[in-house]
Structures are given as structure tokens and as C-alpha cells.
Amino acid sequence: MTAIVFDMDDTLYDRSLPFREAYEELFADKYPVDFEKLYRASKRRGDEVFEAAQKGEMPLEESHIYRFQKGFADLGVEVSREEALSFQRRYVQRQGEIRLSPVTTKMLDELARRGIPMGILTNGQVDHQGRKIGKLGLEKWIPMERIVISAACELAKPDVRIFQYAQKKLGIEGENVYFVGDSYEADILGAISAGWKTVWVNKEKKEITKGMTQPDYMVYDEEELYDCICGILEREE
């Protein structure tokens, strides 16, 4: 039977929304920049230090400072360490208010109705990701025993071993698994290396250039994702 495993951040919910709220509340007047560029820059900078923070080689607080200071610096703005920490605190507060969209809720309901095995494979700290899982109410569809958080197994996407670990934990066969994620490098390439099929939620509309490994499917927003998932299920019934 086909199984669907999801990334969480920027796949099952839009992480840019609490980020935007924190930016507008704290810095929009003081540091007016292109928000989309700032968000992408901070994501990229956070990825640079994610592994070091997860392994304990960099204090988590320092990784947050790095992410926001460097992200703003990429747009020509210098923020202090305290401003970066203030941003992180407000960002976390706004993450406490996240909700699933109606479209994502409808998709999960449809998968549950059809009896499709589901799971989540997400990078991050256990406590932090666990709080978001609770706020989103994801256990209604996917119990905690079917959720893999990278810090809990000391591995992280795109390492093929975390996909293999998830496959064993969830009791699924790789050739029957679709992985849905927004990061081409971490989600799509990682899943392909494990022999999984892939759905790339390419919200930034990145171009697939010559020589890049192709995902099985590519969508640009949650409405297209819903249609794509339903189409996969109908073709494989």
C-alpha cells in the first residue's frame, strides 16, 4: 500500500507567517527590507549551522543569533545580538499560534478516510518540533510513534540514514513511499537517495536546471499539493 510521509515546516504549515508577524511587529519600520528575501536568507543561514546546533557543537542560542544576524546582513542591514534574540523570542511566540490551513486539513482528512499510512519526518529539536506538532493538532491524523524528529535519532535530512531509520520505524517499503517536502536539498534529494518517491512543494518556484535530479512530482502551493496527492492515490488504486 502507498504511504505518505511529510516534512513539517513549510510543508504542512507556512513557517513564513509567524516569521512575517515577528518582523512586522519588531523591525518593519526600523529595518524596511524585502520580506521574502529576508525570509529566504534567514532560512539559508539557519541551514548553515543546523547540523552544528543539533550535534551540540554550537549553542542553540548562538545558532539563532547567527541565523538572523547573517540573514539581515545579506540584505545590507546590521542587527545586534540582542535584536536577533528579540526576534527569535517573538518568532517563537508567534509559532505558538500556528494552525493548519483548511486545504491541508482537507488533505489529511482524505488520506485518513482512505486508510493511507502517514508519517512525519522533520529536522529540528525534539521539544521545539513537539510543541509545533501539538499546536497544529497533527496527532489527530499521525500519532507520535509515526513522527520522526531528527534530534531524537541524532541524524538529519538529507542523510540517507534518517530516511532508512524512518522507513524501519514506520514499517513501510521505500518503493511504496512518497515523501512530501519543500527543501530540494534536504527533502527531495534525501528521499531519492533512500529509494523513495517524491513530491516537491516548490513554493519559491526554483528552477530545475540541467543535471538536477528530478522529483516525481512538483507543486507550487497547498492547493496543487492536495490535487497531486489525490491524483497519486487514484492512479495507484
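Author: Let us begin with a cut-off: a residue is buried under 20% relative accessible area, exposed over 50%, and partly exposed in between. The model discussed here is predicted.

Reader: How does Arg90 count by that scale: buried, partly exposed or exposed?

Author: Arg90 counts as partly exposed because its relative accessibility is 25%. Glu25, at 38%, therefore also counts as partly exposed.

Reader: Why consider such residues in pairs?

Author: Side chains of opposite charge can pair when their charged atoms come close. In this model, Arg90 forms a salt bridge with Glu25, and the closest N and O atoms are 2.9 Å apart. The pair links distant parts of the chain, since Arg90 belongs to helix 4 (residues 81-95) and Glu25 to helix 1 (residues 16-26), 65 residues apart.

Reader: Which residue forms a salt bridge with Arg45, and where do the two lie?

Author: The partner of Arg45 is Glu48, with the closest N and O atoms 3.2 Å apart. Both residues lie in helix 2 (residues 35-54), three residues apart, which is about one turn of the helix. Arg45 has 18% relative accessibility and so counts as buried, whereas Glu48, at 43%, counts as partly exposed.

Reader: How many salt bridges does the structure hold, and which residues do shared partners join into one network?

Author: The structure holds 24 salt bridges. Those that share partners join Asp9, Asp10, Arg15, Lys43, Lys132, Asp182, Glu204 and Lys206 into one network. Asp10 counts as buried because its relative accessibility is 3%.

Reader: In what order do the strands of the sheet come?

Author: The sheet is open, and its six strands follow the order 3-2-1-4-5-6 with parallel pairing. Strand 3 (147-149) and strand 6 (217-219) are the edge strands, each pairing on one side only. From one strand to the next, the twist averages 20°.

Reader: Which bridges place strand 4 in this order?

Author: Strand 4 (residues 177-181) runs parallel to strand 1 (residues 3-6), joined by four bridges; Ala3 has Val177 as its bridge partner, and Phe6 has Val180. Strand 4 also pairs with strand 5 in the parallel sense over four bridges, where the partner of Val180 is Val199. Strand 4, helix 9 (residues 184-193) and strand 5 make a right-handed β-α-β unit.

Reader: Are the residues of strand 4 buried or exposed?

Author: They are buried on both sides: Val177, Phe179 and Gly181 point one way, and Tyr178 and Val180 the other way. Helix 10 (residues 222-236) lies across strand 4, as well as strands 1, 5 and 6, running at about 155° to strand 6.

Conventions. Residues are numbered from 1 along each chain as its sequence is written. This is a predicted model: local features need pLDDT of at least 70, side-chain atom pairs count only at pLDDT 80 or more; totals for chains, interfaces and linings use all residues. Side-chain values use heavy atoms; hydrogens and water are left out. Two strands pair if DSSP finds at least two bridges between them. Axes are lines fitted to C-alpha atoms, for helices over the stretch in contact, and angles run from 0 to 180 degrees between N-to-C directions. Contact means heavy atoms within 4.5 Å. Buried means under 20% relative accessible area, exposed over 50%, partly exposed in between (1.4 Å probe, protein chains only). A crossover is right-handed if, with the strands pointing away from the viewer, the path from the first strand over the helix to the second runs clockwise. A salt bridge is a side-chain nitrogen of Lys or Arg within 4 Å of a carboxyl oxygen of Asp or Glu.
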